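Please open the model in your viewer and keep the selection tool at hand.

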Amino acid sequence: MMDRYIEQFPVVINALNIGFLQTLKLFLVTLIGALPLGLIISFGSRSKFIPLKLLVRFIIWVVRGTPLMIQLLIIYYFPGLVFHNNIWGGQETGRFIATSVAFIVNYSCYFSEIFRGGIAGIPKGQDEAGLVLGLTKSEIFFKVKLLQMVKSILPPISNEILTLVKDTSLARIIALQEVIWAGQAFMKGSQGISGEIWPLFFTAIYYLIFNGILTVLLGKLEKKLEYFK
Amino acid sequence: MSILEVSHISKSFDRTEVLKDICFSLNKSDVMSIIGSSGSGKTTLLRCLNFLEEPDTGVIKINGEKIYDAKDQEYLSEAAKRSNRLHFGMVFQSFNLFPQYTALENVTLAKELHAKREPDFKAHKKDVLEAIREEGKALLTQMGLADRFDNYPHQLSGGQCQRVAIARALAMKPDILCFDEPTSALDPELTGEVLKVMKELADQKTTMIIVTHEMSFARDVSDRVLFMDDGYILEDGTPDEVFNNPKEERTAQFLASFNS
């Protein structure tokens, strides 16, 4: 019995590593896309131009009000089903791009709401102090307010980041070859192993360790920003 | 000639008229205190000079040159307000220091950002930044903060923070330094150190406008005192005239409330 697991283990780990690399890639691409896009969306939702503000708030409502899995399915299948033109292609690359788009849109809406609160929480006096010193609006934002905002939103952003790590598993629904997909492959049969469910369970370890590392790193960043109040 | 001429400034918020046809002028090197009860419009007047509020009507001139005219679009753009407001330095009641910067960085930040906008900045970068730092250190030293350059605002007392804020305003070399109730947020034992540096600045012939509730300070340091009530300037004279021989009954009432 034990022998079987010892034999399977290196094969499974190898496959899971490859899958996890795709998980990691999706995580990073989402973060790199959604953080700046979220900031832009937060400006839109604070805009003094009412039609823009209402439009942005409507989009945020829809995106936050529907499951990410449904959004992913719609983004991936809708063009092919309705326009008979699968813009994403059937390959892994196409699936990855479609997934990235869905994740970036979804997460940027969540991030934007956190940013919005963070910007609103900075005292008006900071703007005024910048203005009377002759600074431009963008200098005030980037040189005065941004770091204060980052400090105040780091705890909720950290939370979203840990959730994002786990949410990447939703990409399994359109057969993106991430770590869950890689684990599940050993149930149907792959590389001479079939009918095994333990590799799927074992993927949890990957998420757990990666989130552990992130928790430590984000905690360090939070500590680093404690130099001011 | 007067350094500042303010004519027919008015300002309303929604339908409440906060400033009503304000006119006054100020001579170079004079210290002018503005007194009056809360809601009389003192702070709004100061904020109108900095364009933190936009006056609805009126004209502001510095050294005879127009820097604001409510009727002329030329003075209403963000860029025009940004460069014209630099004639005034501003010290806030709540300091408004930048928490993530040290005392010295608070003083030098705006200067550095202004220097970076100059086309030949890259060529002289090191010298320019060094000069700005030295200037900043000199200002903080003048404020009695020579040992506090590298402290962050949260490590400083309220009085020290306010002195950093004064140095920060002075760094821009304003024509007129404005104070909005600079000691109102301070514990009584800390107001003295702030008033002391303000007195020193007055002695060095800095032109200042001070909105204050510190009546004895206004009396001792000012060349001019304005008393405001309900958006109007009711008194405009020397401390002796306003404090000892007020023209209006309302002024006497206000001053009496401080003596009781």
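Over all chains the count comes to 23 salt bridges, where a salt bridge is a side-chain nitrogen of Lys or Arg within 4 Å of a carboxyl oxygen of Asp or Glu. This is a predicted model, in which local features need pLDDT of at least 70 and side-chain atom pairs count only at pLDDT 80 or more, while totals for chains, interfaces and linings use all residues. Residues are numbered from 1 along each chain as its sequence is written, chains are lettered from A and ligands numbered from 1 in the order in which they are written, and side-chain values use heavy atoms, with hydrogens and water left out.

Select A:Glu113 and A:Arg64, whose side chains meet in a salt bridge at 3.9 Å, N to O. The pair links distant parts of the chain, with A:Glu113 in helix 4 (residues 92–120) of chain A and A:Arg64 in helix 2 (residues 50–65) of chain A, 49 residues apart; helices here are DSSP runs (H or I, at least four residues), numbered from the N terminus.

Axes are lines fitted to C-alpha atoms over the stretch in contact, and angles run from 0 to 180 degrees between N-to-C directions. Residues making the contact (heavy atoms within 4.5 Å) include A:Phe103 and A:Tyr107 of helix 4 of chain A, and A:Phe141 and A:Met149 of helix 6 of chain A.

Next select helix 1 (residues 2–45) of chain A with helix 8 (residues 198–224) of chain A, whose axes come within 10 Å and cross at roughly 50°, which makes helix 1 of chain A oblique to helix 8 of chain A.

Finally, show chain B, of which 25 residues are in contact with 20 residues of chain A. Chain B and chain A bury about 2200 Å² between them, 63% of it on carbon and sulfur atoms; buried area is the accessible area (1.4 Å probe) that two parts lose on being put together, summed over both. Between chain B and chain A the count is 3 salt bridges. Select B:Glu78 and A:Lys137, which form a salt bridge with the closest N and O atoms 4.0 Å apart.

Notes
Helices (H or I, at least four residues) and strands (E, at least two) are DSSP runs, numbered from the N terminus. Angles under 35 degrees count as roughly parallel, over 145 as roughly antiparallel, 65 to 115 as roughly perpendicular and the rest as oblique.
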